[in-house]
Amino acid sequence: MLLEQLRRADKWSGSERAIADYVLEHREKVLGMTIRQLSEATYSSNPTIVRLCRKLGVSGFREFKIVLSSEFERTAGREEVDANLPFRNRHSSAVIAGNIAELTQSTIREAAELLGGERLDKAAAMLGAARGVYLFAAGDSMVRALGLQGKLLKINRPVQISSLMQEQGYHAYNASAGDCAVFVTYGGLQAGYADYAAEMKSKGVGLIAVTANSEGRLAALCDVVLPLPIAEEPMAKIGTFSSQIAIDYVLNVLYSCVFNLRYEENFAIKQSAQAYVEGIDPF
């Protein structure tokens with residue numbers, strides 16, 4: 001998704017950042033501009049715009065406008081909901097319900113467009129082949145990580161996870177080649193995680209990051225990054241709505257891809273285990 005990529009342009013050159021900011025602020029206007037008009041409006045050059053287009057995965061400015069126009073058509077008629085403040089003081093219950101529904105749908109659409117099949121295939125293969133699996137998460141993200149642990153347990157893929165940061169450090173120390181670790185962290189700045197990743201990487205542990213910070217140190221150390229939409233600001237939000245919706249969706253997709261690697265075998269394991277558990281009298 002071009003607009004999402006433009007929002008993620010933190011490490012681009014100053015000229016590229018200026019172009020990205022201009023496009024985000026004048027979306028519809030850009031569709032009617034020539035490359036020369038855009039270069040003049042952003043005090044940049046034609047080659048800089050072409051270079052930016054190629055970084056975004058399109059051949060040039062003409063294709064950039066075609067793809068951008070297509071994105072506008074897909075989102076036409078949808079009222080954009082602020083992920084930080086999805087409802088305001090004295091909004092009715094009906095308005096709040098509608099806004100949260102729209103935020104949920106738009107977040108999942110953006111997350112789906114960011115994933116890409118190649119990343120998912122690699123991450124699923126790593127988890128499917130891993131001797132041991134370690135999950136790293138904290139705060140609200142821990143709840144979603146525990147959900148993934150529960151799903152994997154039901155197909156006989158036990159996962160090590162702890163809510164205590166010191167114990168997470170021990171997991172990083174104990175992991176070895178043939179294992180796989182998954183970091184679930186929206187901001188990608190959780191204390192200790194980059195150091196844990198570096199330690200495990202040195203031992204040949206496969207590393208996966210589920211994060212919105214795809215340019216951070218943690219992401220750079222990981223073999224696969226499953227990116228999340230950037231929508232929330234720590235000091236502006238009233239709740240972790242969008243981030244947790246996106247994390248829940250990505251982890252569900254990741255589990256589904258792992259399940260699908262051995263679909264019939266995993267389905268049989270799931271049925272057998274459920275029949276066993278439900279057949280035991282708890283009293």
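Is Arg131 buried or exposed? Arg131 is exposed, because its relative accessible area is 58% (exposed means over 50%, buried under 20% and partly exposed in between, with a 1.4 Å probe and protein chains only). The model is predicted, so local features need pLDDT of at least 70 and side-chain atom pairs pLDDT 80 or more, while totals for chains, interfaces and linings use all residues. Residues are numbered from 1 along each chain as its sequence is written, and side-chain values use heavy atoms, without hydrogens and water.

Eight salt bridges are present in the structure (a side-chain nitrogen of Lys or Arg within 4 Å of a carboxyl oxygen of Asp or Glu). One of them joins Arg131 to Asp179, with the closest N and O atoms 3.2 Å apart. This pair links distant parts of the chain, 48 residues apart: Arg131 lies in the loop between α8 (117-129) and β1 (133-137), and Asp179 in the loop between α10 (165-174) and β3 (180-184) (helices, H or I of at least four residues, and strands, E of at least two, are DSSP runs numbered from the N terminus). Asp179 counts as buried, because its relative accessibility is 7%.

Two other salt bridges lie within helices. Asp21 and Arg17 meet at 2.6 Å, N to O; both belong to helix α2, four residues apart, about one turn of the helix. Asp21 is partly exposed at 38% relative accessibility. In helix α4 (residues 35-41), Arg36 and Glu40 are likewise four residues apart, and their closest N and O atoms are 3.3 Å apart. Arg36 is exposed at 58%, whereas Glu40 is partly exposed at 48%.
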